[in-house]
Amino acid sequence: MTATWYALPERMPVNVAVRVRWAGWEGEAVYFRAKPSDRPAWLARVRAGKGYTFHPLPTDAMRRYGCGSEPDAMQPLGDAPHALGAPLPVHPHHTLRMGSIGGVAFDATAAAEEMQADRDRRDPDATALEALPWWREPSEVTYSPRGQIGEREAEGRVMRALYFLGGTEQPRAGRTNAAVLADLKHAFDLATRQDATASYVPRLNTTLRDSPANLLTAMEWFCELQLISDLAWKQAYALKQRAHNIPVSFVMIALEIGVDGRDGAQKAYTRGIARIAAIANTGTPSLDRIRTRTKEGNRAYALTR
């Protein structure tokens, strides 16, 4: 493999494996399209035994720290240069810049800021972090009796329940260089009493309004949503991904559930909220039937022991 890094061609060929650098991440990737009518999307290619597994790019960590819409640079693999077209444009920053990290806090701060500035120069149209969802403020969430619950209330209650009970914020293996540097910068900011990075979002804590009964009731609505239809998993997936501490973008949700872009994912989310509101007002018959069968089975088991 050549040591030179190249800028992406003006028209990136599909289904050609290359090595990419993207917001601190480096690895093999494919600009994948299953059929001509599909919109291509970047996938990471990871060796698994004798084959490969593929994962959507960019990852949550890459988006969190302001990645662009495509890789920063690439290297051909095998006979890929012929498929990519020649000559390839040499990337202006392909030479690795090594630096001392003797003063860890200072150097990490400077490196994180330089990486962000470099991303901004390469992708001036990159979108900023979204505004945090309204339901993070507990005073905005209302609690009405059954039959009087609107869509906004249903959204607030089920999203807070997913946030606290849905298990979406468990630690994940693997971290990018950008993520490590940003965490070092945040630690340095706290130590010197400076403002934290703009992308740092503290985890929420439950309040008295988030009583176990309220959270469990909302989770019952969410469970009922998944029981009423085989296709409801897309709506449930959209809701759960948007309940992350930093919500997953609708673009990435669309790739996962197989809908047409941001609008399709937003429709799945709003449709899910509308169904949740209906469930909140009418009850959870599917879940109740499962409860009844479970109780009857337990009772029968106890009698036959």
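This is a predicted model: local features need pLDDT of at least 70, side-chain atom pairs count only at pLDDT 80 or more; totals for chains, interfaces and linings use all residues.
Local features need pLDDT of at least 70 and side-chain atom pairs pLDDT 80 or more, while totals for chains, interfaces and linings use all residues. Numbering starts from 1 along each chain as its sequence is written, and side-chain values use heavy atoms, without hydrogens and water.

**View A. Helix 7 packs with helix 8.** Helix 7 contributes W233, K234, Y237, A238, Q241 and R242. Helix 8 contributes F250, I253, E256 and I257. Contact means heavy atoms within 4.5 Å.

**View B. Helix 4 crosses helix 7.** The axes come within 9 Å and cross at roughly 70°. The two helices are therefore roughly perpendicular (65 to 115 degrees). V158, M159 and L162 of helix 4 meet L239, K240 and R242 of helix 7.

**View C. The largest cavity and its lining.** The whole structure has one cavity of 30 Å³ or more. The largest cavity holds about 40 Å³ of space. On a 1 Å grid over the protein atoms alone, a cavity is a set of points where a 1.4 Å probe fits but cannot get out; lining residues have an atom within 4 Å of a point. Points join across faces, edges and corners, and volume is the space filled by probe spheres set on them. The lining is V141, Y143, G156, R157, R160, D210, N214, L215 and A218. Helix 4 (151-165) and helix 6 (212-227) each give two or more residues to this lining.

Note on methods:
Axes are lines fitted to C-alpha atoms, for helices over the stretch in contact, and angles run from 0 to 180 degrees between N-to-C directions. Helices (H or I, at least four residues) and strands (E, at least two) are DSSP runs, numbered from the N terminus. On a 1 Å grid over the protein atoms alone, a cavity is a set of points where a 1.4 Å probe fits but cannot get out, and a pocket is an open set with protein on both sides within 12 Å along at least five of seven lines; lining residues have an atom within 4 Å of a point. Angles under 35 degrees count as roughly parallel, over 145 as roughly antiparallel, 65 to 115 as roughly perpendicular and the rest as oblique.
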